[in-house]
Amino acid sequence: MTGRRTNRNHQTLILAIFLLLLSAQLVKTASEYDPYKILGVSRSANQPEIKRAYKNLAREWHPDKNKDPNAEDMFIKISKSYEILSNEERRSNFDRYGQMDENQPFGQSQHHGFRNFHNSFYFDESFFHFHRSRDFADSKYLLHHAQFNSDILPDSHKRPYLIKVTSEWCFACIHIEPVWKETVQQLEPLGVGIGIVDLGYERRLATQLGAHRAPSIIGLVNGKVTFFHQAVVREHLQQFIEDLLPHRLVEKITDDNYLAFLDSWHVENKPSVLLFDQVPVVPLLYKLTAFAFRDYVRFGYVDQGDTHNTRLLRQFNINTYAPTMLLFKEDTERPVDVIQARGMKRQLMDEFVSNNKFLQVPRLVNQQLFDELCPVKQFHRRRKYCVLLITGEEQAFLPGNKAFVDFATANKKEVLRFSYVYQRQQQPLCLALLNQVSLTPQVVILERRSPAGKVLYRSVNGGWNGSEEDKYHLQEQLELLQKDPTYLSLDATLPELNNEMAPIFIIQWMNAAYDYILQLYDELLYSNWREMMPILSLIFSALFILFGTVIIQAFSEPGENKPQKPKQQPRTEDDASSGASTSSSRPPKKDFVEVTELTDITYTSNLIKLRPGHINVVLVLTNASKNALLRKFAKEVFSFSGTQTLHFSFLNADKHYHWMPSLLRSASDATESMGHSEEDEESSDYTGHVLALNGHKKYFCLFRPVFTGDDPSNSETSFSDRSRKSRSRSRSSSHSRSRSSSREDGTGTKSGSSRATSIEVHHKLDRLGLWMERLMEGTLPRLHVPAWPSLDETANTSSTES
């Protein structure tokens with residue numbers, strides 16, 4: 001009995017000694033890592049002192065400047081020490097409890113250490129070492145909240161992302177680190193995006209992703225977040241990425257279906273790419289390339305080892321010793337481009353596909369394709385002309401369509417883009433260009449001038465049936481266009497194109513419902529209730545809105561009909577102020593052009609002291625023509641109202657009738673070139689004239705009213721004008737363009753000016769939009785003045801007498 005007590009006492013003593021030694025070692029280790037000692041500051045140091053010490057030590061121990069083998073570890077310790085001491089909360093935790101992990105509850109640092117005692121040695125990390133150093137190569141993958149939303153989310157529609165969620169003091173993160181690095185080295189060259197989120201520093205981003213613990217691995221495709229729940233093995237991660245990609249990105253091609261695949265360009269409106277390789281399964285590299293260009297190109301895969309593909313290999317003479325890519329457009333017999341390489345790289349494949357992502361003559365099926373094929377003109381030397389064939393999809397139009405494709409193939413130029421459109425599918429676009437429904441195919445040459453849809457265009461006379469005469473005539477028109485850009489004399493505002501490829505609403509709803517069901521199943525199977533709160537909140541919100549709508553409809557009166565409000569048009573400031581009085585309960589919408597009146601008060605700020613580079617566009621009107629001209633003026637300049645250097649004003653000629661003659665007298669050289677005398681200027685009607693005034697450089701550009709429509713007051717005059725207009729169309733384009741240009745510039749003859757004064761008010765500003773285009777291009781003549789005349793008549797009279 002005594003021996004047993006003695007043995008028990010010995011065991012108790014040994015255990016007490018072991019715990020005492022271990023506790024002493026823990027205290028010693030905790031005292032060894034002291035951020036105050038590393039930075040060389042006292043515990044009462046303030047933030048400027050801590051920051052100054054950190055900068056000096058970081059400059060001294062930076063691995064790029066210090067060649068000491070321990071420089072990297074020392075630099076990491078310095079950085080971590082500064083992170084702790086620069087954060088008041090972390091600094092307080094360290095001073096009180098000696099803990100450094102903000103995720104760990106207060107007072108549990110020792111328990112956390114005992115719990116991970118075995119794991120520390122298992123991962124070959126010293127248990128008594130504070131910081132787990134992060135590889136410098138990982139720093140380029142770190143994600144931030146703003147960067148994720150601005151760059152990563154939009155880019156996930158072109159390539160998938162594999163994101164790791166980690167944190168400090170995460171020993172499981174150390175365990176998966178070798179597998180993660182190996183996976184990154186394999187997937188990143190293929191085009192997979194890599195990201196790392198630090199749970200301790202990017203809490204906001206982690207909450208957005210739904211990641212509340214580390215380590216977590218997330219896949220991001222098309223803006224959708226999916227968690228990885230299998231064992232962290234390289235093969236599982238690669239399969240995880242493949243499963244995230246949409247199905248049927250790459251179609252399996254054999255001798256039986258390759259002709260149907262290549263002929264599908266009629267319906268899909270896309271080129272086709274055939275990938276030849278010797279593996280039976282489609283490689284991930286091909287799937288990622290197909291995912292990036294799925295909106296432009298269709299991809300098919302041919303297994304060279306399959307016995308059902310011998311005819312296909314023999315027809316295109318495929319070398320079976322290296323992967324091959326063939327790209328087909330309208331011609332399904334011969335590929336337009338071929339690449340073949342043993343080590344097929346992602347960059348090579350991207351360049352190959354991006355250079356051929358459109359057909360020779362693609363069909364305009366949506367606004368995005370129209371914007372890419374026919375971009376808006378940015379600079380004078382970067383003009384892009386779109387040659388558009390308006391045709392039909394019936395069998396009778398096929399020969400003419402094929403002839404147009406042959407013509408486009410033979411006339412490849414950088415400034416020309418050929419395309420076609422089905423009149424039945426895009427009726428608003430065709431009506432805007434042709435002004436009527438055409439029974440025969442028509443060719444229109446156009447140039448886009450603004451993102452709002454404004455274009456300059458010209459229809460090719462005679463239509464298009466694909467004959468040699470039509471090709472010769474179109475060739476002549478294109479040569480004239482390249483010599484004289486003013487050949488496009490008509491302007492129009494095109495509506496947005498219909499999206500012919502958009503799925504119907506029921507399919508979109510079913511796809512969205514399927515995604516939500518899968519997400520809910522994943523949350524129920526793998527996640528906790530905290531992570532399920534967003535999806536549950538969404539479901540209950542939808543049910544609340546649904547039942548709330550049903551209840552409101554049930555208790556509402558059946559005869560209630562709310563009148564629809566008419567669509568608002570661009571208005572002037574005067575119209576907006578008058579309309580605000582009738583509907584003062586709602587804030588006025590900024591869908592109008594701000595036009596201010598030039599008075600004695602605003603004259604100095606809007607003209608004389610106008611900032612350099614700013615131009616004031618002034619409309620001259622009278623009391624009788626004020627309302628009509630202001631509405632027409634607002635409509636014509638509405639597309640330019642977003643320019644910050646343009647200001648819009650009007651001048652009442654009834655109040656300041658002497659100002660225009662004084663201005664023209666000041667521009668003596670310009671008035672002599674226009675052939676106007678002072679008496680003619682005094683007696684002229686300046687209603688409808690528009691001036692672009694540069695107050696800083698003291699010059700102006702003048703717009704004179706020109707006749708562009710029929711005069712309804714006289715039927716004979718209307719008939720003669722229509723006859724004159726039809727005869728003028730048969731003349732040379734350069735002669736007609738020069739006459740219109742002279743009228744816009746204000747350099748027309750006296751007879752033209754007298755004719756403009758007899759124009760009805762609503763026709764006087766018909767060509768103001770084109771004049772504004774030339775004003776923005778800087779091609780209008782400028783009339784300089786020594787000084788701006790005053791609005792005060794007595795001041796002008798005294799200055800003239802002197």
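Which residue forms a salt bridge with Glu 636? In this predicted model, the partner is Lys 632, and the closest N and O atoms of the pair are 3.5 Å apart. A search of the whole structure turns up 20 salt bridges, and here is a short tour of some of them, along with the overall build.

**The chain overall**
- The chain has 802 residues, of which 43% count as buried.
- Its secondary structure comes to 33 helices and 22 strands.
- Among contacts between residues at least 6 apart in sequence, 71% join residues at least 24 apart.

- Glu 636 and Lys 632 sit four residues apart in helix H25 (residues 626-637), so about one helical turn separates them.
- Glu 636 is buried at 15% relative accessibility, and Lys 632 is buried too, at 19%.
- Arg 346 pairs with Asp 350 at 2.8 Å between the closest N and O atoms.
- Arg 346 is buried, with a relative accessible area of 11%, whereas Asp 350 is partly exposed at 22%.

- Arg 234 and Glu 182 meet through their side chains in a salt bridge (3.0 Å, N to O).
- Because Arg 234 lies in helix H11 and Glu 182 in helix H9, the pair ties together parts that are 52 residues apart in sequence.

**Two other spots to look at**
- Lys 51, Lys 55, Arg 59 and Lys 65 gather in a patch of positive charge on the surface; Arg 59 belongs to helix H3 (residues 47-61).
- His 614 lies in the loop between helix H24 and strand S18, and its contacts include Gln 644 and Leu 693.

Note on methods
Residues numbered from 1 in each chain as written. Predicted model: local features only at pLDDT ≥ 70, side-chain atom pairs only at ≥ 80, totals over all residues. Heavy atoms only, no water. Patch = residues over 30% accessible without salt bridge, like charges linked within 9 Å, V, L, I, M, F, W, Y side chains within 5 Å. Areas by Shrake-Rupley, 256 points an atom, 1.4 Å probe, with all protein chains shown as cover. Salt bridge = Lys/Arg side-chain N within 4 Å of Asp/Glu carboxyl O. Lys, Arg positive; Asp, Glu negative; His and termini not counted. Charge placed at Lys NZ, Arg CZ, Asp CG, Glu CD. Helix = DSSP H or I, 4+ residues; strand = E, 2+ residues; numbered from the N terminus. Buried < 20%, exposed > 50% of the residue type's maximum accessible area, 1.4 Å probe, protein only. Contact = heavy atoms within 4.5 Å. Lists of a residue's contacts leave out its neighbours within four places in sequence.
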